[in-house]
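Subject: Handing over the structure and notes on it

Dear colleague,

I am passing the structure on to you, with the sequence, and my notes follow below it. Please read them with the model open beside you.

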Amino acid sequence: MRFGVFYELSVPRPWTAESERTVYMNALEQVRVADEMGFHSVWAVEHHFLEEYSHSSAPELFLTACAMQTKQIRVGHGIVICVPEFNHPVKIAERAAVLDILSGGRLEFGTGRSATWTELGGFRANPDTTKNSWDEFVHTIPQMWMQERFGYEGQYFSMPTRAVLPKPYQKPHPPMWVAVSTPGTEMDAADRGMGALGVNFTTFKAQEERVQEYRRRIQNCTPAGAFVNDKLAAANFLFCHEDSAEGVGIGGRMIQNFQYLAGQLDMAKEAYPTKGYPSPGLLAATRRQASSPGEPGQPPEGIAIGNPEQIIRELKKWEAVGVDQINFLLNASELIPQEQVLESLRLFGTEVMPHFTEKN
Amino acid sequence: MPRFGTLDVAAALADAPQVGELTEAPHWELPEATLMQINWEVADEPSLALTPPACHPSIPPYLSLFAGRYPDSPVGAFTLVQLRLVVRAGIRPRGYCLGAVCDSAEATGALRTHWGYPVVHGEASLSVRHDRVQARAAIGGRDVVIATLTQPETIGGADLMPFDNLHLVRLPDGTGAIVQIDPEYAIHSADRGTPTLVLPDPQALGMRGGISLDLAMVGFTFKADTDLAPVRFALDPSLPAFQGTRRLEPKAAAPA
């Protein structure tokens, strides 16, 4: 089991001239501590227009800053939106390669397609076709990286032969992942030999069934890239405190706050009926659990809040169902003071991480 | 914390429907209804001023024109055309009804009294053609809305997520409330198409403050068995929904 941290970079109102800078600087400081504690990776989402919930619209820049300030921790796109109205695939390949070079070969390349009307409508993308364009991108981007020159005639983009430069530092290319926010997308990942990057917050019971099916399917995959990345990552929250009640109380408020903000998103299916988004995704799980922005209920099972013993117990359950990695959200809307976030990270690193086998 | 609406509730209540005892409302079965919804993004600031303080604006704000032709109800056939602003009560999307027109005087009275629809009696129609579905409403002979869905293509009923309604009402005790109307839908068929929306007199449908139509989103039509049940939830218009929502319990029968 290995551990990562991931960032939505939520910025609460009221917004001041310093609000966004504070969130970004706090995140960078947390990443430096995570690196010191031996975390495996830091992940950043790509979102646009999602007021307060996520101001992480240029993750490649944030991740570059992370890479420049750390030594070991890997930097992960969690994810890049593979929809032509958002990003041309050549630009995705180029930016990712630069990040891989600057980080010294530490890039994890997560892909996805956006799930909100706010974003899809904002770029005037067609919700019916995002899965198709994502599929085309994840099959062509590795070719851009591996071939000296690349040309292509496709459905969602075409280009004459050109040298797409630079090439990634990792050979043949960085590990590839797919964001999984709706049930079934794990199987898209498995069929393409890609890692499944869980970005919603599910129970380990639900996850267990998906893990088994993913492991079975990936045995017979046709890799989109040059190799199979057979890793499964789950998303979680982290607040570790010596005192159980403090840990659960503060962590619970963070979860409620995050879920309340997430519940404000206009999910694609909600505003635009389409087979392209067969379920509300993150929304459904969020609405089941969220009731108000600040009232903590019982922590859902498998959530890493509380004292070190509680967290070890919950994470062992994830390990038992076969999840390879857990990526933690550390804060939401800056609800938890920065010093407490850093203390939580350090306590986790010293008291919890040694109980898990794989060197992070 | 997400923004809250800035509607002047006291002023809005002056025009709000006066409802009767909500939990004693009838339960209307509405079989074989034909329904159409058109979603359209609108400008931010004016829509915030139409959103009650109990609710958050959606991001981005959008209107939801909802029309229904109900061939069979306890008061006979009627057509209802509503203009709704999509808001969030806590985290749940809801259609806050700004105004509506119904072609049946009897249905209009019942919809206002039992469920708090801000509806007026006028001309309302929902016509289904092979290549288009059109909702039209007029008051006193003047068109107030013409909404059309063209190029319909079949989609699955499970792809739809119809919103529940919210209505600002005056309760029998004189206080104000927002009530939630939450019909069930058994969807038989659905089509999605290209929307057009024309609002010759938006103020007649409660759209004050010069809301401008921004980006066409989608239109869809569906056939369903639906209903109108007694109101189960009421919100304090001035408190966040997560603080001010209460469940309405039917009055216990008097002891024999």
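Predicted model: local features only at pLDDT ≥ 70, side-chain atom pairs only at ≥ 80, totals over all residues.

Residues are numbered from 1 along each chain as its sequence is written, chains are lettered from A and ligands numbered from 1 in the order in which they are written, and side-chain values use heavy atoms, with hydrogens and water left out.

A:Arg217 also counts as partly exposed, at 27% relative accessibility. A:Asp191 and A:Arg217 form a salt bridge with their closest N and O atoms 2.8 Å apart, a salt bridge being a side-chain nitrogen of Lys or Arg within 4 Å of a carboxyl oxygen of Asp or Glu. This pair links distant parts of the chain, since A:Asp191 lies in helix α6 (residues 185–191) of chain A and A:Arg217 in helix α7 (residues 204–218) of chain A, 26 residues apart. Helices (H or I, at least four residues) and strands (E, at least two) are DSSP runs, numbered from the N terminus.

A second salt bridge within chain A joins A:Glu108 to A:Arg74, with the closest N and O atoms 2.4 Å apart. Here too distant parts of the chain are linked, from A:Glu108 in strand β4 (residues 107–112) to A:Arg74 in strand β3, 34 residues apart. Both A:Glu108 and A:Arg74 are buried. Over all chains, the search of the whole structure finds 27 salt bridges.

Turning to the interface, 30 residues of chain A are in contact with 29 residues of chain B, contact meaning heavy atoms within 4.5 Å. The two chains bury about 2700 Å² between them, 55% of it on carbon and sulfur atoms; buried area is the accessible area (1.4 Å probe) that two parts lose on being put together, summed over both. Of the area that chain A buries against chain B, 24% comes from A:Tyr260, A:Gln264 and A:Pro273, more than from any other three residues.

Across this interface the rule finds five salt bridges. Among them, B:Asp159 pairs with A:Lys275, the closest N and O atoms being 3.7 Å apart, and B:Asp159 also pairs with A:Lys269, at 3.8 Å between the closest N and O atoms. The pair with A:Lys269 runs from the loop between β9 (142–155) and β10 (164–170) of chain B, where B:Asp159 lies, to helix α9 of chain A. B:Asp159 counts as buried at 8% relative accessibility, and A:Lys269 is buried with a relative accessible area of 5%.

Finally, in helix α2 (residues 59–68) of chain A the buried residues are A:Pro59, A:Glu60, A:Phe62, A:Leu63, A:Cys66 and A:Ala67. They cover an arc of only 160° around the axis, which puts them on the same side of α2(A), the arc being that of the directions from the helix axis to the C-beta atoms. These buried residues pack against β1 (2–7), α1 (19–37), β2 (41–44), β3 (74–81) and α3 (89–102) of chain A.

How values were computed. Buried < 20%, exposed > 50% of the residue type's maximum accessible area, 1.4 Å probe, protein only.
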